[in-house]
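Hello,

Here is the structure we talked about, with the sequence alongside. My notes on two parts of the structure follow below.

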Amino acid sequence: MAANGPPLGETRNDGIDRPTNPMVTPLLTDLYQFTMAYAYWKAGKHNEHAVFDLYFRRNPFGGEYTVFAGLEECIKLIANFRFNEDEIAFIKASLPPSCEDGFFDYLRGLDCKDMEIHAISEGFVVFPKIPMMRIEGPVAVVQLLETPLVNLINYASLVATNAARHRFVAGKSKLLLEFGLRRAQGPDGGIGASKYCYMGGFDATSNVAAGKLFGIPLRGTHSHAFVSSFMSPDEITEKSLLSKDRSKICSDFVSLVQTWLRDLKGSRSLGDHFGETNQSELAAFVSYALAFPNNFLALVDTYDVMRSGVPNFCAVALALNELGYKATGIRLDSGDLAYLSCQTRKFFQDIEKEFEIPNFGKTSITASNDLNEETLDALNKQVSIPCKKRCYRLYGKESYPLVDLMTGENEPPPKVGERILCRHPFNESKRAFVIPQRVEELMKCYWPGKSGKPREELPSLELIRERCIDQLDQMRPDHMRRLNPTPYKVSVSAKLYDFIHFLWLNEAPVGELL
């Protein structure tokens, strides 16, 4: 199949790369978008100006906020949106034979030069009903973009929000690692999940391809299969290890580890906790430490965490410490993670105290497997808000966001220190005056088309991640809590309220009594 534009990685429009996923082409849409586009073209309406809002009706996971993600991939699609001949031939074969050839000539010349895209910055915290993107341009092109834009935003925002919620629960001091590639929804889902987990606040990924594509830090240990592949320490033939400062060589690191294991068994505070540890596990740990003495992190639950895995790890870690290295920590992948992590922490602390090893009690403990953040919440009312809008975030005296406000496109913007009537979009009795201490307009122009407006640059993933973290820090704590979070207010101006209710009344059918 012929390629869409330049090869992957090269740029074409305004220095913007092609989409990361080569499957993101103009064909990534629903068939009915093409049937509607043909109907627009047949009726001579295809160039009429249209405005679409991309928004959502409820937050995921029963929470009260969403992290907006996926914008960069949307702009990459728009910048490189062109049909090639193979694609046009497939569309022609998929539509009824009565479709005229002129429509396919129209598709050959189609691009997004007449489009204008405004969006909230990627990584921002967003709320239901507030448009995340506004797509303007010829109605047929806007229609063809609808499905791929929703697809690119939905999954990305879902993963980034889930990651942000995990970060909030874990706190800032914990290291969060994304190891989901093997369980992801195919390679595309795996790459996207790694990117948007990092954006949402995770620290690193195991996904090597995502590390290369996006510059995400990589982390990894070993699996249960690695532990199971060893029988005993006798298998280890290369036993020497150079000290960290390179001043000496330990000719038999295995024996050094076994000496430390005997010392642990004879310990006053630790000896009663375990007996004979699993020797195949010990062999695996020793082998891994010899290969990675600066990055020794062991999976300790292959056999028995507290009677084998943790003591074996500690023996290897103490041997490494004697040679000037510091073990990274352990990983728990099964069982009662909270209980086991507490017991392991106490084990580490007892070693620090008895053997006088500074900071051994703070050795890292990583939990993996299915870690889920759960909560329940009510759904917001589902009604669309018509017309072209502008969106603002109003901040209060304590620098927390108070409310997101939608106004008509031509209304004057809200001003700092000026009293503004904010109305619930649907409930007449819910309204409040707000005097903002800071006003932030949310939507910026990311694709100006022919409008001549300056185009907002797409930031790096690292900057988007920092923006996301800053956004979450700005939110009031009761909006962020896991259970029964306070709903964040989304309002409309008095003029917009009057306008949308006028439209609804005019469009509503009038009954007739006979």
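T205 lies in strand β9, which covers residues 204-205. Please keep in mind that this is a predicted model. The relative accessible area of T205 is 0%, and because anything under 20% counts as buried, T205 is buried.

The side chain of T205 has two polar partners to look at. One is the side chain of E178, joined to that of T205 by a polar contact of 2.5 Å. The other is a backbone atom: the nitrogen of N207, which the T205 side chain reaches at 3.0 Å. If neighbours within four places in sequence are set aside, T205 touches E178, S194, I216, P217, L218 and R219.

Helix α3 spans residues 85-94 and helix α4 spans residues 101-108; their axes come within 10 Å and cross at roughly 150°. Because angles over 145 degrees count as roughly antiparallel, α3 is described as roughly antiparallel to α4. The crossing of these two helices is right-handed.

Which residues meet between α3 and α4? From α3 they are E85, I88, I91 and K92, and from α4 they are D101, F104, L107 and R108. Sorted by class, this contact has four nonpolar and four charged residues, with no polar ones.

Regards

Notes
Residues numbered from 1 in each chain as written. Predicted model: local features only at pLDDT ≥ 70, side-chain atom pairs only at ≥ 80, totals over all residues. Heavy atoms only, no water. Axes fitted to C-alpha atoms, helices over the stretch in contact; angles between N-to-C directions. Helix = DSSP H or I, 4+ residues; strand = E, 2+ residues; numbered from the N terminus. Parallel < 35°, antiparallel > 145°, perpendicular 65-115°, else oblique. Left-handed = near helix turned anticlockwise from the far one by under 90°. Contact = heavy atoms within 4.5 Å. Nonpolar A, V, L, I, M, F, W, Y, C, P; charged D, E, K, R; others polar. Buried < 20%, exposed > 50% of the residue type's maximum accessible area, 1.4 Å probe, protein only. Polar contact = N/O pair within 3.5 Å; in protein donor to acceptor, adjacent residues only side chain to side chain.
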